[in-house]
Amino acid sequence: MGEVYRARDARLGRDVAIKVLPASVAADPERVRRFEVEARAASALNHPNILTIHDIGTENGVTYLVTELLRGRSLRDLITGPLAPATVSSIATQAARGLAAAHHAGIVHRDLKPENLFVTHDGVCKILDFGLARIDVAAAPGSGSGVATAATLAGTVLGTAGYMAPEQVRGHATDARSDIFSLGVVIQEMLTGRSPFLRESVVESLNAILKEEPAVPTRSTPLGSIASRCLEKDPVRRFQSAGDLAFALEHAGSGFAGASVPPRRRWSRWMIALPVLGIAGVVLVLALRAHEHGPPQVAATPVRSLVVVPFASLSRESSDEYFSAGMTDALTTELSHIGALRVIASHSAARLQDSTRSTADIAKELGVEAIVSGSVLRAGDQVRISARLSEAATDRVLWAESYDRPVSNVLALQSEVTRAIARAIALELSPAEEARLARPASVDPRAVDEYLKGRYLWSRRTEPSVREALEHFRASAQVAPDFALAYAGIADAYLILAAYNYEQPLTVAPLALEALTRAMELDSTAGEPHATRGDFAFHVERNYELAMRHADRAVTLSPGYAAAHIWRGEVLSVLGRTGEAIEEMQRAISLDPMTPFPRFFLGTLREISGDPAQAERDYRAAHALMPGYPAGGLVRLLLRNQRSEEALAVARETVAVDPAPGNVAVLGVAQAFSGDRDGAQTTLDRLRAMASERWVSPLDIASVEASLGHSEEALRQLRAAIDSRDFRGPMLGIIRDIEFDA
C-alpha cells in the first residue's frame, strides 16, 4: 500500500510518520482509492489503540498521509513462538477496544492481522492500515478488488488469506463480527505461535477457514475459550460486539486471584508515613485511593429501561453454557422486580442476540436506554462473574465490576449486582425492594446447578426439554428442600406440560399445585409464584376471583414480569374488561417483544373490539415470531372473511413446522370450511390415531367434528374437554362472542 518514512513536522516541532504512494502505485486508481479510504476511516477515529491521522494531501504528484510516529515493533515481529498469556491478554484487549471504537463509528476494518497491529515500546497496541475498511456500514466505493496477500489476486473477496472470516471468503456482506473472527485468528496465533488457517497456498488457506478447525486447540484455557468463540464459522455464535469481546478478554487472564490491588510497595510507603501524618494522613490516604479508582459513572439522563444481553461463558467446558444462560435469566428476573425499571425479558434478549444485529441495534429496536452485559467463568465450586452497565446510545460504561464467589452464593450475588446497577443509574428503591434484595440467600451449589440446568431447558418449551427440565427441578428440590425457586420450577414445568397439551391437565394439576404451594410458603416476596398460582386458578380451578387476586399481587411484586401481565390480561378479558386486557397485553409485549402469545391474544381482543384489520396484523406478527405457534386465531379470522385458501395455506405451514395435535386440528377445520371434506376426515382420523398413542385434548377433536357437521360427537368431545380442564376452556366464551357464520 505504500512506503513509510520518519519525518519532522517543522511547524509543530514534532516527529511524525509519512506514508506515501510510490509513483508505480499512484498510477493505479484502485490503490489510490484504497489509500483515501484508509485516510477517511482512520481520521474519523480518535482512540488510544488506533493510529492517529494528522493530515493527508498531494505534493508534486505524490499522495501522502501524515500520522503519529510509533516506536516499537509490529505484532508479526513479536510472534516468534507462543506469547505469555498476560501479553496475549493485554494486546488482544487493546485491539478489541480499538475495534469497538471503529465499529461504533460505523467502520469495519476487514484486514486485521499481525502486520496491522503495532506494539509500542511501552506496551500500547495500535491498529494500523484501514485501507480495506468499509465505512458507514456500506461497502466502500468500487469494492471488488482481490485478496490482499503477498500479491493481489483478481476477484471479489477483500482481506488477507488466513485471517478472513468465512463470510469474507464467500464474498458475502461483512460486519463487526468479521473483524472479531480475524482478531480471534490473531489471538490463536499469539497463543500457539502459528496461524491456525495459513496453508501453503491461498486456495488452501481459504478452504481451511471455511471447513477446518484450528490444528492446535486452546479451548481448555480462558483465553483459548474466547478465541474459539471468536472463530465460530457462524457469525451469530461469535461475540456480537468488540466491546463485549474486550470485556471478556480483560477478565479472562485473571482467573480467581481476586480483584487487583495497587502494588505492595506503593501501599507500604503510605504505611511508613502514617505514624508521622497521624489522622490527617489516614484521611489523605483514603482520599487518594478513592481518587485512584475514580468516582462511579452516573448516567447523563435517568435510565428507566434496559436489557440484559446473554452473558458470555468463559468456562472450559462447553457444557457449562447453561450456567451463564441461567445467570443471565436470573439477573433479568431480579432487575424486573424493580417497579421503576422496564427490563426486557431474557427470552426476547436471547432471540435478538442470536440475530445478525449489533448490540446497539438491538437496544434501539427494544427502545432501551442501557445495556447490561458480562461474562461468567466457572471452575468447580467457584465462579467469577464480570458485569458492566453501559449507555445504549454512546456505549459509555456507567458501571463495571467483577465478583469471585462460591456457587452457593450466586443468588445473593444477583441481588448485589442489582443494587449496584440501581445505584449507577440513580434509581431509588422502595423499602420492599430493598428488603427483597437484602435477604440472605446461600444454597447448596448442587441445588443451584440443577435449578439453572432446569431453567435453561424449560425456556426452550419443547416437550422433551420441559420433561428434562422437570427432572432437574426435582433434583434441585431434593438436594435443598427449602429452595423456593426449585419448587417454582417444578410448578412451571407441570403447567407448561398442561398448557401445551403434552399431558392431560387434570393429571399434572395436583402436582403443580403442591409444588406451587410449597414455593409460596418458602418465599412470599416474589411475584412469579403468585402469577403462576393465578394462572392455575384461572385455567384449572376456573375461579376467576382468586385468579385476579393473585394476578394483582404478581404485578405488584414483580411489575417487570411479562407473564404476570399476560395472565392478568386473560382474567380481565373473561370478566369483560377488554380495554384493560388490551393494556396488559401491550405491557407484556413491551417487556417481552419476541414472545408470540401476547400478540396472539391481542389479536383475539381486537376481534372482540371490532377491529379485524388490526387483529390480523397481530395474529400475523405472532405467527412470524414463531411459525409453528398455534395459528387458530388467524385461520378463524381468514375463514370469517371468506379467505379460505389463505387460511388453508397458513394451517398447512404451521403443521409442517410443528405437527402438534392443536395445529393438526386447525388444519382439519380449514380443510372442512374450504370444501375439502375428505381431507378434513383424513385429518380427523390422524388426530384419533395420535390420541391412541398420546394425550390429545378432546377440544381438538371436537373442533374438527363440528366443522364436519358431526354435532352429537362434537358436543360429547366438548363436554370431555371441559371435564379435562383444557387450558383453552375459559377462552371459549370469548371466542363464542366473535360472530362466525358456519
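Axes here are lines fitted to C-alpha atoms, for helices over the stretch in contact, and angles run from 0 to 180 degrees between N-to-C directions. Helices (H or I, at least four residues) and strands (E, at least two) are DSSP runs, numbered from the N terminus. You're looking at a predicted model, where local features need pLDDT of at least 70, side-chain atom pairs count only at pLDDT 80 or more, and totals for chains, interfaces and linings use all residues. Residues are numbered from 1 along each chain as its sequence is written, and side-chain values use heavy atoms, with hydrogens and water left out.

Select 698-707 and 711-724 to start. These are helices H30 and H31, whose axes come within 8 Å and cross at roughly 160°. That makes H30 roughly antiparallel to H31 (an angle over 145 degrees). Show side chains too: Ile701 and Ala702 are among the H30 residues that meet H31, where Leu718 is one of the partners.

Next, pick Leu335. Beyond its neighbours within four places in sequence, Leu335 is in contact (heavy atoms within 4.5 Å) with Leu306, Val308, Leu341, Val343, Thr418 and Ile421.

Now go to the sheet. Its four strands run in the order S1-S2-S4-S3, open and with antiparallel pairing (two strands pair if DSSP finds at least two bridges between them). Strand S1 (3-9) and strand S3 (53-59) sit at the edges, each pairing on one side only. Then select 14-20 and 62-68: five bridges join these strands, S2 and S4. Finish on Lys19, which stands opposite Leu65 in S4.

Key:
Angles under 35 degrees count as roughly parallel, over 145 as roughly antiparallel, 65 to 115 as roughly perpendicular and the rest as oblique.
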